[in-house]
Amino acid sequence: MVAPAVDLLRNPLGAVRGLFSIAAMVASPAPAATLELSGGDWGIKGVFDKFLYEEGAIAQVPHIDDLAHDSIPSGSLVRFRGMIQDMFDVEYYVGAYKDCNTWQTNKYTDSPVPQDTEQQIWDRRLFYCVPIPGENQWMKNTWHSNAVQPDATSQSLKRKREDIPATVESMDCDSPTKEHNSCLVKIYDGNDADLKLNDIAEFVGIVWKESELVSISASDSSALAESLMEDDTSLQLPSSTVPRLHCITMRKLSAYSIPSQPGALADICSVRESLVCTLQSVLGEDRLAAEYLLLHLLSKVYSRVEPLAVGKFSLNFSGCQAGADGSVSLVASAVGHAISVLLPCSQVVPLSLEDLNSCLIAPRKDYATNRLVTGGLQLASGTHLTLDETALNTGRLNETGVKNLQSLKSVMESQKVDYDFQYYQMEMPTDLPVLVVSCGKSRILPADALVPLRCSAEAARIHAEASDLSKWRIYLSSAREADHVIEPSMQKIVEEDLVAARQKDRTVGSETFHRWLTMARLLSLSYSERSLTRERWEMMKELEMRCAARLRETTT
């Protein structure tokens, strides 16, 4: 369908109504004819997709959180990038109505309609979206730097954005959903079929600030009238603080989706070496620990063979001293800072007894408000967690503390979080790489690999040029998302080595085999190799041999 000649940036509703009018004339040329237009978008999404993505106009669409809320007029085209934190029921609304024998549409708005008119009732889905938890400032800046900036007037009214620090004092847990910078996204025509809880997406659509859906008289208590009012859940989110974004088009993203990412890096080996040397400095000049940390940063769950989350590689650094007066340990602070400038999303969490006992970190359903109460483990896949066990002091865990430790163990062992729906528990798959920093081997958090630190210098924060940081970020993102295979010839070599290892040491079991295969895969990817070679397999065995020797020294 040919789009009307309308400025899509400044008058998106004009384009919507123009396309609707064309479709309505085709569908019902006679004024009295019945309109059959529900369930379609009349070519709207295609028109905007071409304009925004093929013609590059997306950079001209402002981010809604770059603007002062009271300065955004209803009907503006904006975008919002965030995480789906809650999903509400279907909402019914007046999608089309007759005005002087001419069909009009109310789609992509919450505006009232004239009374006593012929109407059609359509539906849309509601998603409560929030800024991505734990997103680091460099990633926010990267996304916002490629967008048009507000003018001086809007800038002066711009609300202060809430920066999420790389190091936090405790996980946000068992708390009501924060409404600051959040958005209630309304999605049409079944375009939500691919969306699920905790997904990251960028929504582009029309912002609307009026809270009423349709004009309904106070005396009208019919079931239809009640069904057309915003439900109790969304009414708890006043439009004065939570804008309504009527989504025209959207794109799912990952935590590692970096905009305007340049092409492949020229010399992978030199980039890898410079990054490992930097991580070595962060870890007090411990090269072995730096190699393990690199593999850990590249890890992700790429398959599930119950009960295994294939690809996960949690790591435990032991031999770390506790911070003074209960503060974050020096190693956790240095590593946490390094990860915050390298990965898009991360959090450092001191595991103090007080924090563990205070509130639940797994999300739960509150049926009184019909909303999901978020917790510290409601995170987008790809978010990195550094758990500082050196902060755990002597004492007794209460019921909440025991549940929290069980939740953390579940993440580390199976990469799942149990959501509490009061009458039942629902296992939600996730992908949260976890690094545990502890004095001795962690007795409560089972990591895939244990590496005792051997620091010959003090752990140090990263100080690097912007160009180096950019290369490392691209390197980590590209390697993490790459595919990898083991060719049949290498499979035979691997199987023979695993059998020989088992014959030599009967304590070597499936967990060890899984770790070796995961490490070999990650080593290959760290060199930008898409299939396992004998060289990388032997390199993995060398790393494990050195680590095993270090572990023996620690226990003697």
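In the predicted model, the protein chain comprises 15 helices and 17 strands. Of its 556 residues, 53% are buried, and the chain exposes about 24,500 Å², of which carbon and sulfur atoms supply 51%. When contacts with a sequence separation of 6 or more are considered, 80% of those in the protein chain are accounted for by residues 24 or more positions apart.

Arginine 81 is part of strand β1, which spans residues 77–99. Its relative accessibility is 13%, below the 20% limit, and arginine 81 therefore counts as buried. Beyond its neighbours within four places in sequence, arginine 81 is in contact with Ile132, Glu135, Met139, Lys140, Trp143, Ala201, Glu202 and Leu253. With one of these residues, glutamate 135, the side chain of arginine 81 forms a polar contact of 2.7 Å. Aspartate 65 lies 16 residues from arginine 81 in sequence, and the C-alpha atoms of the two residues are 9.4 Å apart in space.

Serine 299 is located in the loop that runs between α8 (287–298) and β7 (303–305). A polar atom of the serine 299 side chain lies 2.7 Å from the backbone oxygen of histidine 296. Once neighbours within four places in sequence are left aside, the contacts of serine 299 are with Gly311, Phe313, Pro433, Arg480 and Leu522.

Helix α9 covers residues 330–342 and has 13 residues; the distance from its first C-alpha to its last is 18 Å, close to the 18 Å expected at 1.5 Å a residue. The helix is mostly covered, with 12 of its 13 residues buried. Among the buried residues of α9 are Val331, Val335, Ile339 and Leu342, together with Ser333, His337 and Ser340.

Tyrosine 423 counts as exposed because its relative accessibility is 65%, over the 50% cut-off.

The salt bridges in the model come to a count of 33. In one of them, the side chains of lysine 186 and aspartate 110 meet at 3.2 Å, N to O. This pair links distant parts of the chain, since lysine 186 belongs to strand β4 (residues 183–187), whereas aspartate 110 is in the loop between β2 (102–105) and β3 (119–130), 76 residues apart. Lysine 186 and aspartate 110 are both buried, and the two residues belong to a network of salt bridges that also links Glu91 and Arg124.

The side chains of lysine 50 and glutamate 55 are joined by a salt bridge of 2.9 Å, N to O, and lysine 50, with a relative accessible area of 42%, is partly exposed. A salt bridge of 3.5 Å, N to O, also joins the side chains of glutamate 535 and arginine 536. Within this pair, glutamate 535 is exposed, with a relative accessible area of 52%, whereas arginine 536 counts as buried at 6% relative accessibility.

Conventions
Residues are numbered from 1 along each chain as its sequence is written. This is a predicted model: local features need pLDDT of at least 70, side-chain atom pairs count only at pLDDT 80 or more; totals for chains, interfaces and linings use all residues. Side-chain values use heavy atoms; hydrogens and water are left out. Helices (H or I, at least four residues) and strands (E, at least two) are DSSP runs, numbered from the N terminus. Buried means under 20% relative accessible area, exposed over 50%, partly exposed in between (1.4 Å probe, protein chains only). Contact means heavy atoms within 4.5 Å. A polar contact is a pair of N or O atoms within 3.5 Å; within protein, one must be able to donate a hydrogen and the other to accept it, and residues adjacent in sequence count only if both atoms are side-chain atoms. The expected span of a helix is 1.5 Å times one less than its number of residues. Accessible areas come from the Shrake-Rupley method with a 1.4 Å probe; for residues, only the protein chains shown count as cover. A salt bridge is a side-chain nitrogen of Lys or Arg within 4 Å of a carboxyl oxygen of Asp or Glu.
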